[in-house]
Each structure stands twice: as structure tokens, then as C-alpha cells.
Amino acid sequence: MTIETTNPETLALHAAFRSDPATGAVAVPIYQTTSYQFDSTEHASNLFALKELGNVYTRIMNPTTDVLEQRVAALEGGAAALAVSSGQAAEAIAIQNICHAGDNIVTGTDLYGGTWNLFKNTFKTMGIEVRFVDPTDPENFRRATDDRTRAYFAETVPNPKLTVFPIKEVADIGRELGVPLIVDNTAAPLLCRPFDHGAAVVVYSTTKYIGGHGTSIGGLIVDGGNFDWEKHADRFPMLNQPDPSYHGAVWTEAVKPLGPIAYVLKARVTLLRDLGAAMSPFNAFQFIQGLETLPLRMREHCRNAQAVADYLKGHPAVTKVIFAGAQEDAEQKRRADAYLTGGYGGLVGFELKGGLEAGRAFIDALEMFYHVANIGDARSLAIHPATTTHSQLSPEEQLATGVSEGYVRLSVGIEHIDDILKDLDQALETAGKLDLAA
Ligand code: PLP
């Protein structure tokens with residue numbers, strides 16, 4: 001029985017699975033198997049020919065992973081999803097699925113460091129050009145587009161700047177020119193629904209909020225099923241011309257009986273098959289556990305982060321607070337309100353008056369916050385980018401990415417707000433003493 005609803009709280013618990021048909025188990029079982037017995041030679045050849053969809057081999061599909069994929073697709077309002085081994089793999093496959101040597105993509109400059117490296121260095125070695133543009137002006141995407149542009153890419157809420165990407169503005173330009181927008185929504189699951197604003201593909205590092213427990217690395221690609229790949233056949237030969245790696249299948253034709261899933265089905269049966277970056281069934285199970293409470297957790301993350309931002313704003317040791325919900329610029333504020341309809345998220349940055357030494361002292365004084373290079377955990381996390389994630393950049397480069405010497409990034413967790421503020425308060429007192437000494 002399927003539960004008819006669009007409410008995320010219910011979908012997160014019930015979409016795509018009610019109980020195990022074999023045992024009645026209510027929790028999604030971990031199907032820890034590599035392969036699946038075929039009913040007959042006809043069944044086997046139908047599966048390989050995609051005349052029928054079904055399980056063949058866990059590198060390509062798995063019943064536990066399938067529940068995670070369907071649940072996230074339902075929550076996102078997409079057509080179908082593909083789970084992979086990490087957020088990095090999700091980004092790489094999402095782009096390589098429609099882009100090969102000689103092609104290019106256009107991306108906003110505000111990106112997670114791992115994504116930046118993938119785009120700047122690894123894709124370059126593969127002959128894929130990445131054009132970096134300032135997302136403040138959406139028209140920069142149009143200006144950087146040519147007939148070899150295969151996708152636009154951006155993060156909904158990139159840190160450390162925490163400015164919100166103009167999703168609809170860039171998606172509209174892309175739809176006019178025949179270029180799909182791929183959005184990394186890792187920092188804003190449920191808070192932002194990129195397909196509602198015209199994005200064609202959403203990617204996630206499930207490692208962060210979707211898991212929430214900080215136990216597993218994983219990624220997802222969600223196909224909005226809303227982009228007309230056939231209309232722009234010249235731009236997408238990989239989806240519209242016979243694929244020699246799959247006995248000449250033309251993906252836009254082959255999937256017609258299955259729905260608007262040409263993009264994500266091709267990613268599964270070619271790139272996941274060939275590159276092998278599969279999510280393990282055990283990790284899929286872990287992400288299903290996380291997903292069940294995601295709506296509740298996101299609410300708490302948002303509530304606590306807002307309280308932290310308010311508290312920091314009044315603190316004498318703090319010169320600036322960076323928060324998606326506290327944009328000084330009117331256009332940035334409009335974007336935050338237009339796209340983060342479910343809340344401003346759990347990330348908060350701030351700058352310490354005492355600079356580098358105060359940043360260091362603040363981190364070392366924390367008692368409850370963990371000092372880790374991660375975001376989106378249920379626990380509160382902190383990092384001082386100038387001495388860690390951004391330490392290899394010059395001071396000028398650091399500033400261009402939004403990191404000053406005294407910048408601290410918090411990923412506010414779901415502990416009691418009193419305990420969160422108490423820890424920040426005592427660490428700021430230590431950091432504040434350095435201002436006085438200076
Ligand atoms: N996208 C964003 C916004 C991230 O913050 C991260 C990791 O920090 C990634 C992608 C990469 O994800 P993963 O670490 O799961 O490969």
C-alpha cells in the first residue's frame with residue numbers, strides 16, 4: 001500500500017517501502033548481496049536489454065539502495081534518483097553523464113573545495129573545461145555559454161560565504177539556451193526544492209544532513225525529469241545518439257515506456273557500471289535511518305542556527321556574522337527568502353576581532369563543539385578555515401573565497417540551545433581576551 005501524500009515528514013518514513021514482502025519487516029532490510037538469481041534465461045536477457053527493470057548486480061542496483069533512491073526522489077519532487085559512493089562521485093557522474101572531452105560546463109565560483117579541485121584540475125586532465133563565473137550576476141552564465149556548454153552547476157548555499165544561488169534566474173537562462181542546471185543541495189535538503197525553481201538535476205553529499213549521524217560517506221543524483229533532452233539533441237549527443245557501450249541504445253528513445261528518466265538511467269547503466277562508484281547496501285540503510293528524521297532535524301538545525309546568529313550579533317568579540325538568513329544586501333536577502341522556503345539552514349560563520357590568533361584560541365577552547373572538517377552532523381561542529389581547509393591559499397585568495405583570518409565556520413547541531421550557547425560563550429571569552437591583549 002502506498003501512502004498518498006506530499007508531506008515530507010510522512011514521505012521520509014513511508015515513501016517506496018511499507019514492509020518487506022518476504023518477512024513483514026517494517027524497517028528496510030539490508031540486502032547485503034552482490035547478485036540476484038534470474039528466473040529464466042528470458043528473464044535474464046530482458047533485464048540486460050532493459051526490456052524489464054530488475055536486479056542484476058549490486059554495483060548497478062540494490063533493493064535497499066532502491067528505497068533510499070525512491071524516497072529522496074519523492075521528497076525532492078524528482079522523477080528518479082541514483083545513489084553513489086560519495087558526494088564527489090555524484091558531482092563527477094552527474095557531469096560526465098552529459099559532458100565529455102572537448103565540452104564545457106559553467107559553474108558559480110562559490111564551491112566546496114573538493115568540487116573546486118575536481119573542476120579545476122581533474123576535469124581539465126579529462127579535457128572537460130570548467131568556466132567559473134561570479135553568480136552575483138546570473139547573466140554571467142549566459143555570457144560564458146557556447147555550443148559546447150553541457151551544463152550549469154552551482155551550490156544552493158555555498159560556505160563560507162552563505163550567499164544563496166539565483167536558481168530560477170540561471171535555470172531560466174539555461175532553459176532558453178538548452179542548458180540544464182545541476183544544483184548541489186547538500187546544505188539545504190528540504191529547505192530548498194531546486195526543481196520547483198527550474199533546476200534539472202540535484203546532487204547531494206548524503207554524508208551531511210541526509211545522514212546526520214556522521215557515520216557514512218555517500219552521494220545522490222536526482223533527475224527532475226523536467227528537461228527536454230530531445231529538443232536539444234545537438235547539445236546532448238550522449239543521450240540522443242546510439243550509445244556504442246550499450247548495443248546502440250538511444251537513451252531518450254529507450255526509456256520512453258519508463259518515464260522521463262533518460263538522464264539518470266543512462267548514468268546508472270553506463271557510468272555506474274563502468275566507473276563502479278556504488279553505494280554499499282549498508283550505507284544505504286544508514287542513510288535511510290537518517291532520512292527518517294531529516295524533517296525534524298532540519299527544523300532544529302534552523303532554529304538553533306538562528307539563535308546562534310542572533311547571539312553572535314551582539315557579542316563584543318565578533319565583528320561580523322555570516323548567515324543565510326541575515327543578508328545585508330537586498331538582492332541576497334531576496335534570494336535567501338525566495339529559495340530557502342523551509343528555513344535558512346544550520347550553517348553560521350563569524351569573524352573574530354582578534355584575527356588569526358583569536359580564531360585559533362576560540363577553536364581550542366571549545367568543549368562541546370567538535371573541531372572537524374565536516375558539516376551537517378547532528379552534533380555541533382566548528383572549524384577555523386584560515387588554519388585548516390583554506391590554509392594552502394594566499395591571504396588574497398582566502399579573502400576571495402570569503403575567508404578572513406578571524407573567520408570561524410559553525411555547523412550548528414541539534415543539542416539543546418542553552419548548551420550550544422554556553423559553549424560558544426566560554427570559547428568567545430577566551431578568544432575575546434586576545435582582543436584586549438592586542
Ligand atoms: N558538496 C558539498 C557542498 C560538500 O560540503 C561536500 C563535502 O564536504 C561534498 C559535496 C562532497 O561530498 P563527500 O564528502 O560525500 O564526497
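1. Leu162 sits in the loop that runs between strand 4 and helix 7, where helices (H or I, at least four residues) and strands (E, at least two) are DSSP runs numbered from the N terminus. The phi of Leu162 is near 60°, a positive value in a residue other than glycine. Pro160 is found in the loop between strand 4 (149-155) and helix 7 (167-177) as well, and a cis peptide bond, with omega at about 15°, joins Asn159 to Pro160. Most residues other than glycine have a negative phi, and most peptide bonds are trans.

2. This is a predicted model, in which local features need pLDDT of at least 70 and side-chain atom pairs count only at pLDDT 80 or more, while totals for chains, interfaces and linings use all residues. Residues are numbered from 1 along each chain as its sequence is written, and side-chain values use heavy atoms, with hydrogens and water left out.

3. The protein contains 16 helices and twelve strands, and its C-alpha trace spans about 80 × 55 × 35 Å along the principal axes. Its radius of gyration, taken over C-alpha atoms, is 22 Å, which agrees with the value near 22 Å that a compact globule of 438 residues would have; the globule rule is 2.2 Å times the number of residues to the power 0.38.

4. Seven strands make up an open sheet with mixed pairing, in the order 1-7-6-5-4-2-3, two strands being paired if DSSP finds at least two bridges between them. Strand 1 (80-84) and strand 3 (129-133) stand at the edges with a single partner strand each, so one side of each is left without a neighbour in the sheet. On average, neighbouring strands of this sheet are turned by 20° against each other, direction ignored.

5. Within that order, strand 6 (residues 201-205) and strand 7 (residues 219-223) pair in the antiparallel sense over five bridges, and Val201 stands opposite Asp223 in strand 7. Helix 3 (residues 63-76) lies across strand 1, strand 6 and strand 7, and runs at about 130° to strand 1; axes are lines fitted to C-alpha atoms, for helices over the stretch in contact, and angles run from 0 to 180 degrees between N-to-C directions.

6. An open sheet of five strands, also with mixed pairing, has the order 8-9-12-11-10. Its edge strands are strand 8 (318-323) and strand 10 (370-371), each pairing on one side only. Helix 12 (residues 294-313) packs on this sheet and touches strand 8, strand 9 and strand 12 (contact means heavy atoms within 4.5 Å), its direction making about 155° with that of strand 8.

7. Strand 9 (residues 347-352) and strand 12 (residues 407-411) run antiparallel and are joined by five bridges; Phe350 stands opposite Val408 in strand 12. Helix 14 (residues 355-365) lies across strand 9, strand 10, strand 11 (381-383) and strand 12, at about 130° to strand 9.

8. Helix 4 (residues 87-96) packs with helix 10 (residues 262-275) at an angle of about 115°, their axes being 10 Å apart. That angle makes helix 4 roughly perpendicular to helix 10, given that angles under 35 degrees count as roughly parallel, over 145 as roughly antiparallel, 65 to 115 as roughly perpendicular and the rest as oblique. The crossing of helix 4 and helix 10 is right-handed; a crossing is left-handed if the near helix is turned anticlockwise from the far one by less than a right angle, and right-handed if clockwise. Ile93, Ala94 and Gln96 in helix 4 meet residues of helix 10 that include Tyr263, Ala267 and Leu271. The contact residues divide into seven nonpolar, one polar and no charged, where Ala, Val, Leu, Ile, Met, Phe, Trp, Tyr, Cys and Pro count as nonpolar, Asp, Glu, Lys and Arg as charged, and the others, Gly among them, as polar.

9. Helix 4 also packs with helix 5 (residues 113-125), at an angle of about 45° and with the axes 10 Å apart, and these two helices are therefore oblique to each other. Helix 4 passes helix 5 in a right-handed crossing. The residues that meet include Gln88, Glu91 and Ile95 in helix 4 and Leu118, Phe119 and Phe123 in helix 5; by class, this contact has five nonpolar, four polar and one charged residues.

10. Helix 3 packs with helix 11 (residues 281-292) at an angle of about 35°, with their axes 8 Å apart, and the crossing of this pair is left-handed. Among the residues that meet are Leu68, Arg71 and Val72 in helix 3 and Phe285, Ile288 and Glu292 in helix 11. The residues of the contact of helix 3 with helix 11 divide into ten nonpolar, two polar and two charged.
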